[in-house]
Amino acid sequence: MDERGGGGSFVAVRRISQGLDRGSTCHSTSAEVVAGSAAWLGRGLSCVCAQRRESDARPSFDLTASQEECLQRLQNRIDVSYDSSIPEHQSGKMSHILSLCYSALLQEALRALWNAAYPEEELRGLISEQWKEMGWQGKDPSTDFRGGGFISLENLLFFARNFPKSFQDLLRKQEGDRSVWEYPFAVAGVNITFMLIQMLDLEAVKPRTLVGATFLKFLADNESAFDLLYCITFKLMDHQWLTMRASYMDFNTVMKATRRQVEKELLNEDVLRLEELPSYSLLSR
């Protein structure tokens, strides 16, 4: 690939089940790889998910009223699939209006992402070969976002708007001694969203892991905690990538190392705010 990820083929993750089962254990098959044509893609990018047996006992943590409300709002965001056809199961004029409004919202968000990524380059269309420059599988990014859900687009937008320098550094692969075969930026972002949802056990009615319960304390203090943690994790992943001198086939290994480090930092009792996480210092605005 070139430094903007415009060369070669790309892969994307797709969620097999669009619905979120609030009472289930971690979905070991929540993502499948859609690979490009090049042989070097191998396994491609896939979600890093802890494997558990149905018989494994998992603790449950009680929530404060504030934490419960914040978790519900975040779960509502996670529930929004990137699919303009969602309202079509309804009937009548209201269904058509909802569909049009939802479609307009998605289009606006996509254009905002493009403008934030390439402010000096005009987007010729929501379906365009230009999207490959950002690291999408094809010319229609909605195909890839449909698998990650609308929150994966929101995560990227938050990153671009709040930490533009770090966003551009990762997008254009501007830091460090890069691999010949780099990870595609946008698809990696969708993978990070998946990983965090699973790591924090956000599909459950209430957290069943210590790291998930700990995160809700941060969420109760900061409504944007998930988006901020996403930015920290993305930057940390790239830092790990460079430290490990990784190439495309090492992506899953890098993601596992990133997950372990994020969990370790979240569980540090001395950390009271996400801004106090050691990896937060990797971000620059």
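In this predicted model, the side chain of Gln130 has a polar atom 2.9 Å from the backbone oxygen of Glu122; a polar contact is a pair of N or O atoms within 3.5 Å, where within protein one must be able to donate a hydrogen and the other to accept it, and residues adjacent in sequence count only if both atoms are side-chain atoms. Gln130 is situated in the loop that joins helix H2 (93–117) to helix H3 (142–148); helices (H or I, at least four residues) and strands (E, at least two) are DSSP runs, numbered from the N terminus. With a relative accessible area of 1%, Gln130 is buried (under 20% relative accessible area, with exposed over 50% and partly exposed in between, for a 1.4 Å probe and protein chains only). When neighbours within four places in sequence are left aside, the residues in contact with Gln130 are Trp114, Glu121, Glu122, Leu123, Arg124 and Gly125, contact being defined by heavy atoms within 4.5 Å.

Residues are numbered from 1 along each chain as its sequence is written. Local features of this predicted model need pLDDT of at least 70 and side-chain atom pairs count only at pLDDT 80 or more, while totals for chains, interfaces and linings use all residues; side-chain values use heavy atoms, with hydrogens and water left out.

The protein chain contains 9 helices and 2 strands, in the order β-β-α-α-α-α-α-α-α-α-α from the N terminus. Of its 285 residues, 52% are buried. Among contacts with a separation of 6 or more, 69% are between residues 24 or more positions apart.

Two packed helices are described by the angle between their axes and the distance between the axes. The axes of helix H1 (residues 65–79) and helix H7 (residues 210–221) come within 9 Å and cross at roughly 90°, axes being lines fitted to C-alpha atoms, for helices over the stretch in contact, with angles from 0 to 180 degrees between N-to-C directions. H1 is therefore roughly perpendicular to H7 (65 to 115 degrees; under 35 is roughly parallel, over 145 roughly antiparallel and the rest oblique). Ser66, Gln67, Cys70, Leu71 and Leu74 of H1 meet Phe215, Leu216, Lys217, Leu219 and Ala220 of H7 in this contact.

For helix H5 (residues 164–171) and helix H8 (residues 225–243), the axes come within 11 Å and cross at roughly 40°. H5 is therefore oblique to H8. The contact involves Ser166, Asp169 and Leu170 of H5 together with Phe234, Lys235 and Asp238 of H8.
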